[in-house]
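Here's a quick briefing to go with the chain you're about to look at. Keep the viewer open and follow along.

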Amino acid sequence: MSDSAVYCPNYAPFFGFAGVFCAMAFSTIGAAYGTSKAGIGIAGIGSFKPELVMKSLIPVVMSGIIAVYGLVVAVLLAGQLSPTSGYSLYSGFVSLAAGLSVGMGGLAAGYAIGIVGDYCVRGYLRESRLFVGMVLILIFAEVLGLYGLIVALILNAKADNSVCVA
């Protein structure tokens with residue numbers, strides 16, 4: 001049995017596509033949760049003080065960035081997949097790990113941004129000094145997704161399909 005048959009089975013791209021799915025699905029779910037949860041808080045304060053709505057959109061924007069992290073990784077992972085060239089099992093597992101890294105990081109970040117965004121926007125209605133604290137907490141919540149992106153990029157750089165060349 002040749003090395004190519006052992007290290008490059010026909011089912012190896014499944015794991016690569018699973019990584020693409022995890023990157024997009026989980027980071028998008030996190031972004032959607034963060035947007036909806038923070039949007040509830042914004043809708044709650046909008047009827048009392050409409051002038052605060054624009055400043056309160058920061059959590060929604062930060063949630064959207066989480067989805068962009070997943071999109072970037074999904075495009076990079078999908079770029080390695082080709083129906084004509086070989087794809088190693090190692091690359092498949094690396095792609096799956098990269099997708100899970102950015103996806104779960106995005107899910108956690110979106111959840112944190114949503115909770116903080118909802119409560120801090122409502123608190124900002126009562127006390128304007130809370131705004132700086134809200135922004136700082138949101139930045140640290142966003143960093144969770146950024147860490148997942150960085151790990152995914154490092155993992156993606158380790159993918160190697162050279163063993164599959166016939």
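The chain exposes about 8600 Å², and carbon and sulfur atoms supply 74% of that area (accessible areas come from the Shrake-Rupley method with a 1.4 Å probe, and for residues only the protein chains shown count as cover). Keep in mind that this is a predicted model: local features need pLDDT of at least 70, side-chain atom pairs count only at pLDDT 80 or more, and totals for chains, interfaces and linings use all residues. Residues are numbered from 1 along each chain as its sequence is written, and side-chain values use heavy atoms, with hydrogens and water left out.

**Confidence**
- The chain's mean pLDDT is 91, with 97% of its residues at 70 or more (pLDDT is the predictor's confidence in each residue, from 0 to 100).
- Confidence is lowest in helix 1 (residues 3-7), at a mean of 73, and highest in helix 3 (residues 58-80), at 95.

**Overall build**
- You'll find 5 helices and 0 strands in the chain (DSSP runs numbered from the N terminus: helices are H or I, at least four residues, and strands are E, at least two).
- The C-alpha atoms fill a box of roughly 70 × 20 × 15 Å along the principal axes.
- Of the 166 residues, 42% count as buried (buried is under 20% relative accessible area, exposed over 50%, partly exposed in between, with a 1.4 Å probe and protein chains only).

**Salt bridges**
- The count comes to 3 salt bridges (a side-chain nitrogen of Lys or Arg within 4 Å of a carboxyl oxygen of Asp or Glu).
- Lys37, Asp118 and Arg122 are linked in a network of them.
- Asp118 pairs with Lys37 at 3.8 Å, N to O; that pair links distant parts of the chain, with Asp118 in helix 4 (residues 89-126) and Lys37 in helix 2 (residues 12-46), 81 residues apart.
- Asp118 also pairs with Arg122 at 2.7 Å, N to O, and these two sit 4 residues apart in helix 4, so about one helical turn separates them.
- Asp118 is buried at 5% relative accessible area, while Lys37 is partly exposed at 21% and Arg122 is partly exposed at 34%.
- Arg129 and Glu127 form a salt bridge at 3.0 Å, N to O; Arg129 is exposed at 69% and Glu127 is partly exposed at 36%.

**Nonpolar patch**
- Leu144, Leu146, Tyr147, Ile150 and Ile154 make a nonpolar surface patch of about 460 Å² (patch residues have over 30% relative accessible area and no salt bridge; like charges are joined within 9 Å, and nonpolar side chains, meaning Val, Leu, Ile, Met, Phe, Trp and Tyr, within 5 Å).
- Leu146 is in helix 5 (residues 130-157) and is partly exposed at 31%.
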